[in-house]
Amino acid sequence: MLYNKKIARSRAPLRLGLAGGGTDISPYCDEYTGYVLNATIDRYTYCTIESSNEKQVTFTANDQNKSVTFNIDEYPFQIDGDLILLKATYNKIIREFNNNVPFPLKMTTFCDSPVGSGLGTSSCLVVAIIKAFEEYLSIGFDDYQIAHLAYEIERIDCRLEGGRQDQYSATFGGFNFIEFYNQNEVLVNPLRIRNWIRSELESSLLLHYTGKSRSSAEVISDQVKSFTNKNTNCLDNMHHIKESALHMKESILRGDFDTFVDIMRAAWDMKKNSSAKVSTPEIDNYIERAIKAGALCAKVSGAGGGGFIMYFVPPEYRNNVIKVISDANSWVSNCHFTTEGSQCWTAR
């Protein structure tokens with residue numbers, strides 16, 4: 001029977017990047033400090049860890065239809081091929097929190113949104129796996145430890161390029177203004193958003209999956225290259241993007257949606273200028289059609305190049321916008337915010 005086994009489960013919420021995205025990436029945040037404003041939504045990554053009587057470790061990603069199995073004596077597992085985030089997290093937890101003694105298990109993961117969607121799925125997945133291990137092994141992490149551990153696994157152990165915001169948003173949850181300093185110092189400032197402001201945002205934001213995932217590493221690598229080559233335009237853009245996070249925070253706290261729209265519109269223009277890979281003709285076409293149908297502004301969530309487009313649309317124009325951007329290759333959904341971050345529990 002299922003519940004004769006020891007089972008630990010977890011989930012972690014995905015996020016919308018509202019402003020400042022890109023300033024959480026080294027070397028920019030190391031030299032100038034980065035500011036990011038984001039909010040978690042009711043889409044999640046999930047992880048289940050269950051005990052096994054066999055001397056094997058099995059990793060399965062149900063949403064990707066991928067599964068790999070190792071004998072326990074193959075630990076530490078090679079970080080290559082499929083499901084590297086699952087393998088790397090197992091290695092890290094066993095090495096640092098279980099006296100380097102591997103044990104058999106079955107790990108199963110699932111995500112509500114496609115990989116490469118621009119909602120922070122990869123980082124969120126690592127956070128969910130860490131939370132499941134926390135429950136399974138009764139470790140007792142604090143939120144900063146979880147987020148930093150997830151950052152190390154993804155950026156150092158797996159050598160995947162990217163920033164720091166996704167690990168912290170998934171762990172803490174809610175609306176957060178996050179500051180990124182040198183030497184991996186991070187400060188998370190939770191924002192208290194009034195109910196009517198949250199309701200207006202949820203009524204006005206549309207999420208549109210373009211049907212195409214993308215590798216954020218490609219876009220980020222291009223941005224980092226421009227920065228390290230001391231590209232003046234790129235650096236000026238990054239400073240303005242950072243400043244926009246401060247102004248966006250103020251506009252949301254006040255419920256000043258005219259300013260919110262102005263900032264979002266300007267931030268998208270600046271983001272496109274940071275790399276030629278941020279937008280595509282298809283994305284530009286979707287946004288142009290949406291604006292003509294009543295959307296006030298739009299931007300791609302995450303690094304860009306594909307994934308989700310976020311539109312700000314007065315509720316009376318929602319149906320008009322949905323009609324003009326809907327096609328066989330994409331889909332549109334509402335946006336609902338969450339107040340809680342990653343969670344874990346034991347199934348009995």
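The model is predicted, so local features need pLDDT of at least 70 and side-chain atom pairs count only at pLDDT 80 or more, while totals for chains, interfaces and linings use all residues. Residues are numbered from 1 along each chain as its sequence is written, and side-chain values use heavy atoms, with hydrogens and water left out.

Let us begin with the loops. Proline 27 sits between strand 1 (7–19) and helix 1 (28–32); helices (H or I, at least four residues) and strands (E, at least two) are DSSP runs, numbered from the N terminus. The peptide bond that joins serine 26 to proline 27 is cis, with omega near 10°. Further along, the loop between strand 4 (66–71) and helix 2 (84–97) holds proline 76, and the bond from tyrosine 75 to proline 76 is cis, with omega near 0°. Leucine 83 belongs to the loop between strand 4 and helix 2, and its phi is near 60°, a positive value in a residue other than glycine.

Now to the helices. Helix 2 packs on helix 3 at an angle of about 40°, the axes being 10 Å apart (axes are lines fitted to C-alpha atoms, for helices over the stretch in contact, and angles run from 0 to 180 degrees between N-to-C directions). That makes helix 2 oblique to helix 3, a class for angles that are not under 35 degrees (roughly parallel), over 145 (roughly antiparallel) or 65 to 115 (roughly perpendicular). In contact terms (heavy atoms within 4.5 Å), Leu85, Leu86, Thr89, Tyr90 and Ile93 of helix 2 meet Ser122, Leu125, Val126, Ile129, Ile130, Phe133 and Leu137 of helix 3. By class, this contact has ten nonpolar, two polar and no charged residues; Ala, Val, Leu, Ile, Met, Phe, Trp, Tyr, Cys and Pro count as nonpolar, Asp, Glu, Lys and Arg as charged, and the others, Gly among them, as polar.

The axes of helix 3 (residues 121–137) and helix 4 (residues 143–157) come within 9 Å and cross at roughly 120°. That makes helix 3 oblique to helix 4. Residues in this contact include Val126, Ile130 and Glu134 of helix 3, and Leu149, Ile153 and Arg155 of helix 4. Its classes are seven nonpolar, two polar and four charged residues.

Finally, look at the lining formed by His148, Tyr151, Arg164, Tyr168, Asn184 and Val186, which surrounds the second largest cavity (on a 1 Å grid over the protein atoms alone, a set of points where a 1.4 Å probe fits but cannot get out; lining residues have an atom within 4 Å of a point). Three nonpolar, two polar and one charged residues make up this lining.

Key
On a 1 Å grid over the protein atoms alone, a cavity is a set of points where a 1.4 Å probe fits but cannot get out, and a pocket is an open set with protein on both sides within 12 Å along at least five of seven lines; lining residues have an atom within 4 Å of a point.
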